[in-house]
Amino acid sequence: MGLFDRLLGSDKPQSPVTKREAAKKEEAFFLDADASSSMGNVDFMRQSNTIRRTFPGTVDSPGSKEIIDEVASMEARRVVKSEGLGDPKPAEVQTDLTGGIPKTVKKTFCEPMTMAELDERKRGSSFGVNVPGGPAAIKAEQEQQAEAAAQQPKPADTAQSKPGDIGAFKGWVKDL
């Protein structure tokens, strides 16, 4: 309260701080590592905790499984791990029977196809499943269509046409 002391006229003499007193004040004060940390209860953090996890068995590995880990603040180690719990499966050995002989190349370019072949491929594997009469009725219908196709005369100019030929389009225009 220096301001009020000066105004009111305090009787105490004020002395400047000497060098010896300043040296005493500069002396460092150190805390040990545990007292200076602000992490909380250090003793609690240093103790190791045991964590036990249990898992149900599987079809491949029946029975209950468990993992026991011991965990401290700076390290962790696995104490117990049951068999069949996340174990890597052994790699299957694959043997090559070709002995380095390359496979034949599959030809993927287009080949000309008749309409009958195209219709046959469009049918797929579900052909004739939900048809009244079953496959026998379908076969009879196919035979009738084959007989009708045999009776109709085929135009001769379509067999001799070349790719890119517009003769068929000209014939359609004449029919109109």
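1. Let me begin with the lining of the second largest pocket, whose residues divide into four charged, two polar and two nonpolar. Here Ala, Val, Leu, Ile, Met, Phe, Trp, Tyr, Cys and Pro count as nonpolar, Asp, Glu, Lys and Arg as charged, and the others, Gly among them, as polar. This is a predicted model, in which local features need pLDDT of at least 70 and side-chain atom pairs pLDDT 80 or more, while totals for chains, interfaces and linings use all residues. Residues are numbered from 1 along each chain as its sequence is written, and side-chain values use heavy atoms, without hydrogens and water.

2. The lining includes M115, E117, R123 and Q142. Six of its residues come from α5, the largest share. A pocket is an open set of points on a 1 Å grid over the protein atoms alone, where a 1.4 Å probe fits, with protein on both sides within 12 Å along at least five of seven lines; lining residues have an atom within 4 Å of a point.

3. Now the strands: β1 (residues 49-55) runs antiparallel to β2 (residues 65-71) over seven bridges, with T54 opposite E66 in β2. Strands are DSSP runs of E, at least two residues, and helices runs of H or I, at least four, numbered from the N terminus. Two strands pair if DSSP finds at least two bridges between them.

4. β2 also pairs with β3 (residues 76-81), antiparallel over five bridges. There E70 stands opposite R77 in β3, and a hairpin of four residues joins β2 to β3.
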